[in-house]
Amino acid sequence: MTKIIDGRAIAERIREDIQRETADFASKHGHPPGLGVVLAGGDPASAQYVRMKRRACEAAGIHSVAHVFSADCTHDDVLNAVHALNDDPQIHGILVQLPLFDQIDEEAILEAVRLDKDVDGFHPVNIGTLGMKGREPLFTPATPTGCMVLLQEIGAEISGANAVVVGRSNIVGLPVALMLLKANATVTVAHSRTKDLPAVLQNADIVIAAAGIPNYIQGEWLKAGATVIDVGTNRIDDPDSERGYRFVGDVDLESARGIVGAITRVPGGVGPMTITMLLQNTIKAAWRIAAQETEE
Ligand code: NDP
């Protein structure tokens with residue numbers, strides 16, 4: 001029997017804890033944790049993600065502010081917004097929604113985010129320490145953290161497991177591979193130049209699919225009993241649906257059902273976890289900054 005991992009239910013439960021913690025922080029410090037968002041890119045999906053993140057903040061009792069830029073903004077405009085958020089005592093976490101407009105130097109902007117407010121975990125120092133033995137980043141990126149929490153929630157044995165990550169992007173594949181390695185899995189990272197992906201997957205106890213190709217990974221490529229976290233969120237045409245499209249993962253769920261031990265569905269798997277992990281990082285940042293201020 002294949003277990004369908006219910007990311008929505010797990011995320012909902014964690015969000016209840018977040019609401020309680022937010023209230024606790026606000027009662028102790030007189031103001032809620034705060035998230036600052038910078039939107040300086042033309043991708044319509046980014047605007048939608050920012051709206052969803054701000055709505056989630058509101059529901060959790062987290063204060064949020066947004067700096068939204070039009071296509072004629074300059075690199076310095078965006079940099080100044082990051083500096084303002086760095087200096088704002090009501091803001092504990094900063095999120096720069098990627099991708100940015102072409103005229104903006106992404107690396108310089110991410111580096112400008114105050115390390116202890118880097119709730120997206122994309123500051124080079126946080127990514128660097130994630131990759132180092134014996135060092136811990138202040139924050140880990142939201143989607144990879146969501147994958148790890150899902151694995152923990154279902155009691156997957158990570159230590160010693162053979163894990164294959166399909167995809168090596170900066171935002172999903174690479175950080176999740178580093179997190180699995182830190183959790184003592186034996187990790188293989190597959191990408192577009194990988195030869196014979198089915199053979200690579202045959203021995204994988206854990207699969208993280210993040211290639212962005214609809215229904216690509218077939219059930220017969222997977223090991224019996226494997227645990228599969230499908231990050232892929234791919235829009236495909238669907239004349240039968242009201243909107244004319246729907247979202248599917250990278251794994252062909254129908255062929256994987258009955259072979260793998262557990263799998264997330266798309267939507268309702270990793271997606272709801274991503275924003276939840278961002279909220280959790282914001283609260284973590286707020287407690288840490290408040291504790292440092294008390295010490296000073
Ligand atoms: P990218 O396009 O940045 O990266 C895709 C990766 O997949 C690349 O490393 C690429 O390899 C690899 N790849 C491409 N083709 C193949 C192939 N045939 N076999 C193996 N690997 C391949 O995507 P993202 O990492 O940003 O996103 C991946 C998916 O996850 C997308 O569907 C996205 O929508 C989804 N996503 C979901 C989130 C959520 O919250 N649920 C959050 C973020 C992303 P190479 O490096 O060689 O090009």
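1. A salt bridge here is a side-chain nitrogen of Lys or Arg within 4 Å of a carboxyl oxygen of Asp or Glu. With that cut-off, R257 pairs with E254, and their closest N and O atoms sit 3.5 Å apart. R257 is partly exposed at 37% relative accessibility, while E254 is exposed at 55%. For those labels, buried means under 20% relative accessible area, exposed means over 50%, and partly exposed lies in between (1.4 Å probe, protein chains only).

2. Some ground rules before you go on. This is a predicted model, in which local features need pLDDT of at least 70 and side-chain atom pairs count only at pLDDT 80 or more, whereas totals for chains, interfaces and linings use all residues. Residues are numbered from 1 along each chain as its sequence is written, and side-chain values use heavy atoms, with hydrogens and water left out.

3. How many salt bridges does a search of the whole structure find? The search turns up seven. One of them links D238 to R246, with the closest N and O atoms 3.1 Å apart. Have a look at the burial on each side: D238 is buried, with a relative accessible area of 13%, and R246 is partly exposed at 38%.

4. Another salt bridge joins D24 and K28, where the closest N and O atoms are 2.6 Å apart. Both residues belong to helix α1 (residues 7–29) and are four residues apart, about one turn of the helix. Helices are DSSP runs (H or I, at least four residues), numbered from the N terminus. D24 comes out partly exposed, at 30% relative accessible area, and K28 exposed, at 55%.

5. On the surface, D105, E106, E107 and E111 gather in a patch of negative charge. A patch takes residues with over 30% relative accessible area and no salt bridge, and joins like charges within 9 Å. Asp and Glu count as negative, and the place of a charge is CG of Asp or CD of Glu.

6. E107 counts as exposed because its relative accessibility is 55%. The accessible areas come from the Shrake-Rupley method with a 1.4 Å probe.

7. Last, the overall layout. The protein is divided into domain 1 (29–115) and domain 2 (142–271), with bounds from an automatic or database domain assignment. Taken over C-alpha atoms, the centres of the two domains are 29 Å apart.

Definitions and conventions:
Patch = residues over 30% accessible without salt bridge, like charges linked within 9 Å, V, L, I, M, F, W, Y side chains within 5 Å. Helix = DSSP H or I, 4+ residues; strand = E, 2+ residues; numbered from the N terminus.
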